[in-house]
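Please read it alongside the model.

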Amino acid sequence: MTLPLLCPVCATPIKQHQASQGFYCDNKHHFDKHAQGYWPLLSNSKTKPQVLSRQQMRGRHFLLESGLFTPLIETLQTLLLQRVNVASQADFHYLDYQCADGYYLRQLVPTLDNARQDCQFWGITDAENAIFAAAKAQTPAKLILAGLKKLPFASQSIDLITVLDSPLKGKECIRVLKDDGHIVILQPGVRHLWQIKQQVYPDLVEKPLQLNLPNDLVIEEQQQVSFTQKVSGEQAFTLLDMSVFGWRANDELKHQIKSTNIEALEFDWHIIVVKKR
């Protein structure tokens, strides 16, 4: 299978040495596989990867592995299977953009891998401790540590990209996507974490969902995934910490949320499938 990677130093195609599993290009730039199991594809030795809060990472890991998101995972599995099964070309490449600790890859890849054997799975993040955690958890994908402003993938080399729990920034995902490929975006809906959000915004009212997509993309399909779950105060606090509005909560409110269970917390996501215009 041809690798879709480009050298981050000189932008020439990357090959893989089978014995060492390291990557290299014809200009003799070498990228060894880390002992933990991921590949640092950094443009130079002075590049400093991002580092996520260890406390946030630990809380996120235990929350996601608790099974709270099972209905969402099942919907994503079905949707991605449809995209993988209808693709007729060989050498299908799937990239999870900002894969963090690899949670979504661990949930999704086994299902997709069972559907067809010619899939190549990739995860990329710019956070070194996150990719370390993903590799340590034996995430079933080739895990890449790299800067996200210029992805180390060739133009039009990826068939399917997921952008889950992170915003779609810049044009790099669009550049590396094949003309007939798809990007699957997971975005919080209007009612997502409503009972927590109400405590942060006392005058909270529902507003229409805003989809701010680049002009290069057109929506092919949308799905809403909504359900309620009983959550502990610790889980609620972690969800607050993971949210885009968590910074608005003061210490007193954080303590209040952490010490109170929520019997029926609303989870509300929108899954948007887009393609190039």
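**Note on sheets and helix packing**

1. Lys-15 stands opposite Tyr-24 in β2. The strands β1 and β2 (residues 23–25) run antiparallel and are joined by three bridges; two strands count as paired if DSSP finds at least two bridges between them. Helices (H or I, at least four residues) and strands (E, at least two) are DSSP runs, numbered from the N terminus.

2. The model is predicted: local features need pLDDT of at least 70 and side-chain atom pairs pLDDT 80 or more, whereas totals for chains, interfaces and linings use all residues. Residues are numbered from 1 along each chain as its sequence is written, and side-chain values use heavy atoms, with hydrogens and water left out.

3. The order β1-β2-β3 describes an open sheet of three strands with antiparallel pairing. Its edges are β1 (14–16) and β3 (30–31), each with a single partner strand, so one side of each has no neighbour in the sheet.

4. A further open sheet has eight strands in the order β4-β7-β6-β5-β8-β9-β11-β10, with mixed pairing. Here β4 (39–40) and β10 (217–231) are the edge strands; each has a single partner strand, so one side of each is left without a neighbour in the sheet. Strands β9 (residues 177–188) and β11 (residues 262–276) run antiparallel and share six bridges. Val-184 has Val-273 in β11 as its bridge partner.

5. Helix α2 lies across β5 (92–97), β6 (119–125), β8 (158–164), β9, β10 and β11, and runs at about 155° to β10. Helix α3 also packs on the sheet, touching β5, β6, β7 (142–145), β8 and β9, with its direction at about 170° to that of β6. Contact means heavy atoms within 4.5 Å. Axes are lines fitted to C-alpha atoms, for helices over the stretch in contact, and angles run from 0 to 180 degrees between N-to-C directions.

6. Helices α2 (residues 70–86) and α3 (residues 103–115) pack at about 40°, their axes 10 Å apart. Residues of the contact include Leu-76 and Leu-80 of α2 and Leu-108 and Leu-112 of α3.

7. Helices α7 (residues 233–242) and α8 (residues 251–258) pack at an angle of about 135°, with axes 7 Å apart; they are therefore oblique to each other. In this contact, Gly-233, Glu-234, Ala-236, Phe-237 and Leu-240 of α7 meet Lys-254, Ile-257 and Lys-258 of α8.

Key
Parallel < 35°, antiparallel > 145°, perpendicular 65-115°, else oblique.
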